[in-house]
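Please keep the sequence and the structure in view while reading.

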Amino acid sequence: MKALAGFLSLLLHLLLLSAAESRRLHLHLGSSAYLTTEEHWFNQTLDHFSPIDHRQFKQRFYEFLDYYQDGGPIFLKICGESACNGIVDDYISVLANKFGAALVSLEHRYYGKSSPFKYLTTENLRFLSSKQALFDLAVFRQYYQLSTILFVLQEYLNAKYNLSKVENSWFVFGVSYSGALSAWFRLKFPHLTCGSLASSAVVRAIYNFTEFDKQIGESAGAECKAALQEVTKLVDEQLQSNGSSVKKLFGAVLLKDDGDFLYLLADAAVIAFQYGNPDVLCSPLVDAKKNGKDLVETYASYVKDYYLGQFGASVLTYDQQHLKNTTPGVEESANRLWWFQVCTEVAYFQVAPQNDSIRSSKIDTRYHLDLCKNVFGEGIYPDVDMTNIYYGGTKIAGSRIIFTNGSQDPWRHASKQTSSPDLPSYLIKCHNCGHGTDLRGCPQSPLNIEGNAENCTSPEAVQKVRQQIIEHIDLWLSECQSTGRMISSA
């Protein structure tokens with residue numbers, strides 16, 4: 001019996017090595033930002049809530065087994081509101097290596113190559129929701145657990161030698177919207193996971209998200225905030241007198257709607273703080289104000305050189321006519337898709353506060369509601385109350401969920417920031433600690449993710465939270481493994 005068990009263990013080891021070598025070769029030829037870009041597919045249910053609609057679509061996923069050790073856990077890295085082109089190399093890969101985990105990642109329905117429909121009409125988008133996405137994750141988790149060679153060989157050994165049936169322990173991870181999905185997945189399917197890391201998780205749907213703009217002002221500091229407010233005032237005035245000229249200055253002449261243009265300018269400022277690059281924005285603005293330089297021209301240079309240039313944002317994504325396009329390319333479709341989720345479930349309307357606002361007062365509730373109606377049609381608006389009733393908002397009542405946030409991130413006000421033994425919450429404090437800092441380091445953006453914390457102004461603050469994450473994962477995995485099953489409560 002021992003000989004056969006040893007042989008099967010060796011066979012499994014050789015198969016994993018062969019797969020790993022294949023992936024390493026693929027990686028060598030591809031982007032160094034990814035652990036793997038090798039695509040896998042399975043058939044997913046289109047409507048999990050209909051007893052009579054049995055249609056399916058192809059959903060894309062990825063796996064990375066190089067760090068997997070016999071009996072190790074499976075880390076499910078949730079993809080969010082964009083194309084998922086592989087498993088990105090960030091701090092989760094460090095954790096996978098430490099815990100001997102397999103890494104798997106599922107592309108969110110409709111995004112990237114996982115769209116059920118060719119045309120993204122409002123009618124065809126009716127199956128796009130966080131609720132459907134959570135069931136996608138549950139179905140995928142069961143599919144992968146039952147189909148993976150790791151489980152097949154384990155099942156053989158269990159049956160042959162009358163061993164107890166033990167599944168791999170699963171732990172879920174996500175950042176931002178996928179961070180919310182990570183928390184919600186643990187909440188709704190506790191029997192399928194050992195725990196969750198919800199990084200910068202926007203679990204609270206918010207109709208008028210005025211705290212967002214207020215946080216930008218706090219993160220900017222007094223001098224930079226004053227400069228940004230003066231830019232907003234000057235641009236509002238110039239739009240009235242010579243709108244085409246000021247839009248040309250920012251390289252945004254195609255934005256006919258003044259609201260769309262002002263939203264672009266507000267977002268450009270947000271990104272500096274959200275992704276840990278405050279000095280790129282504030283240093284030239286404060287310097288310009290002190291030296292009597294043209295603030296609008298200075299800000300326009302930042303928008304064109306950094307936001308539209310280095311960061312890679314596109315003016316087109318702010319154009320409502322573009323958002324109405326139902327046949328965009330794979331990458332371009334993400335904007336329409338995310339706005340649909342915003343306009344139907346979560347809102348997060350980043351509106352100007354009544355007093356002391358950074359963004360233009362023209363970016364108000366009416367602007368957002370008109371956008372939803374213009375892009376998707378009559379009757380489309382976010383029912384945030386129902387979303388928060390369904391998930392609990394910041395009163396989420398789950399267990400074994402770690403919440404983490406960066407001190408400068410405006411999105412943290414949609415996350416859970418109060419801590420409890422079952423739902424620990426940590427705030428990473430530093431000058432450039434933003435969105436997903438625990439997993440991405442500083443500075444970073446969605447296009448250039450870095451797991452290194454050394455570039456954060458307080459690396460020790462990041463390392464302290466990372467150590468707490470490790471301790472929680474270690475404890476919760478051990479509790480799962482000691483019972484030989486997924487456990488749903490503390």
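Where is the place of P443? P443 lies in the loop between α15 (437-440) and α16 (459-483), where helices are DSSP runs of H or I with at least four residues and strands are runs of E with at least two, numbered from the N terminus.

## Basis of the model

This is a predicted model, in which local features need pLDDT of at least 70 and side-chain atom pairs count only at pLDDT 80 or more, while totals for chains, interfaces and linings use all residues. Residues are numbered from 1 along each chain as its sequence is written, and side-chain values use heavy atoms, with hydrogens and water left out.

## Overall make-up

The secondary structure of the chain comes to 16 helices and 12 strands. Of its 490 residues, 57% count as buried, a term that means under 20% relative accessible area, against over 50% for exposed and partly exposed in between, with a 1.4 Å probe and protein chains only. Among the contacts (heavy atoms within 4.5 Å) with a separation of 6 or more, 71% join residues 24 or more positions apart.

## Backbone exceptions

Most residues other than glycine have a negative phi, and most peptide bonds are trans. The peptide bond from C442 to P443, however, is cis, with omega near -25°. S200, although not a glycine, has a positive phi of about 45°; S200 sits in the loop between β8 (195-199) and β9 (206-208) and counts as buried at 1% relative accessibility. D356 is likewise not a glycine and has a positive phi, of about 60°, and its place is in the loop between β10 (347-349) and α13.

## Nonpolar cores

A nonpolar core is a set of buried Ala, Val, Leu, Ile, Met, Phe, Trp, Tyr and Cys residues joined through side-chain atoms within 4.5 Å. The largest such core has 114 residues, and those with the most contacts inside it are L228, F250, F261 and Y299. Helix α8 (residues 258-274) contributes the largest share of this core, 11 residues. A second, separate core of 37 residues includes F64, L197, I402 and Y426.

Leaving aside neighbours within four places in sequence, Y299 is in contact with L228, V231, F250, L265, A268, A269, L281 and L285.

## Helix packing

The axes of helix α7 (residues 222-249) and helix α10 (residues 295-310) come within 9 Å and cross at roughly 80°, the axes being lines fitted to C-alpha atoms over the stretch in contact, with angles from 0 to 180 degrees between N-to-C directions. These two helices, α7 and α10, are therefore roughly perpendicular to each other, on a scale where angles under 35 degrees count as roughly parallel, over 145 as roughly antiparallel, 65 to 115 as roughly perpendicular and the rest as oblique. On the α7 side the contact includes L228 and V231, and on the α10 side it includes Y299 and A300.

The axes of helix α12 (residues 333-346) and helix α13 (residues 365-376) come within 10 Å and cross at roughly 125°, and α12 and α13 are therefore oblique to each other. Here R336, W339, F340 and C343 in α12 meet H368, L371, C372, V375 and F376 in α13.

## Surroundings of F99

F99 is found in helix α2 (residues 91-99) and is buried, with a relative accessible area of 15%. Not counting residues up to four places away in sequence, F99 touches P73, F75, I470, I473, D474 and L477. F99 and P73 are 26 residues apart in sequence and 7.4 Å apart in space, C-alpha to C-alpha.
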